[in-house]
Amino acid sequence: MPLGTDTKQYETPNHPYQGERIASEHSLLDRYGLSNKEELWRAQSELRSYRREARELLGQAQDDETVIRRSEEFLGRLKRVGILDEADELGDVLSLEIEDVLERRLQTVAYRKGLANTPQQARQFIVHGHVVVGDQRQRIPSYVVDVDEEDLVAFDETSPLADDLHPERAEGQ
């Protein structure tokens, strides 16, 4: 069933008060600069859908042409966005972790490239329109960056942050 406008794009945890899960969620929120748990739950739902599709494909006859084609398309999509490495196969999708999905967000990529001092600052720069991917301005921190777009993430040339001497720029830029 496709997700409509009135359908949530994530599932909440079955047991709301588990101290260990809550602690690990807070750790991920801090490490990746997410604004709330909803963003984390969306990424977890995305990961679940990847695993579900992989299990479905692995459960079908591997010599069927449509299954082979669907598997190649699915793996190609995950490799294009950098969730899987080039050498990975369909079974490797089942061992993916939530960090693999969160690492591909524009917010994390901008932080890892040194455009910001913290993931939270990277989020602010993106939301305020200072970051471009290629020549396209992105204002969505959860934008999934393709592998071939990764080198194109930079400050907008019209942004005051494009100046190396700007006080908010990350050290060593």
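How many residues in the lining of the second largest pocket are nonpolar, polar and charged? The lining divides into 3 nonpolar, 4 polar and 4 charged residues. The model is predicted, so that local features need pLDDT of at least 70 and side-chain atom pairs count only at pLDDT 80 or more, whereas totals for chains, interfaces and linings use all residues. Residues are numbered from 1 along each chain as its sequence is written, and side-chain values use heavy atoms, with hydrogens and water left out.

**View 1. The second largest pocket and its lining.** The volume of this pocket is about 180 Å³ (a pocket being an open set of points on a 1 Å grid where a 1.4 Å probe fits, with protein on both sides within 12 Å along at least five of seven lines, and lining residues having an atom within 4 Å of a point). Helix 1 (19–32) and helix 2 (37–58) each supply at least two lining residues, and the largest share, 4 residues, comes from helix 1 (helices are DSSP runs of H or I with at least four residues, strands runs of E with at least two).

**View 2. The surroundings of R105.** R105, in the loop between helix 4 (98–102) and helix 5 (106–112), counts as buried at 7% relative accessibility (buried means under 20% relative accessible area, with a 1.4 Å probe and protein chains only).

Definitions and conventions. Points joined across faces, edges and corners; volume = space filled by probe spheres on them. Nonpolar A, V, L, I, M, F, W, Y, C, P; charged D, E, K, R; others polar. Buried < 20%, exposed > 50% of the residue type's maximum accessible area, 1.4 Å probe, protein only. Contact = heavy atoms within 4.5 Å. Lists of a residue's contacts leave out its neighbours within four places in sequence.
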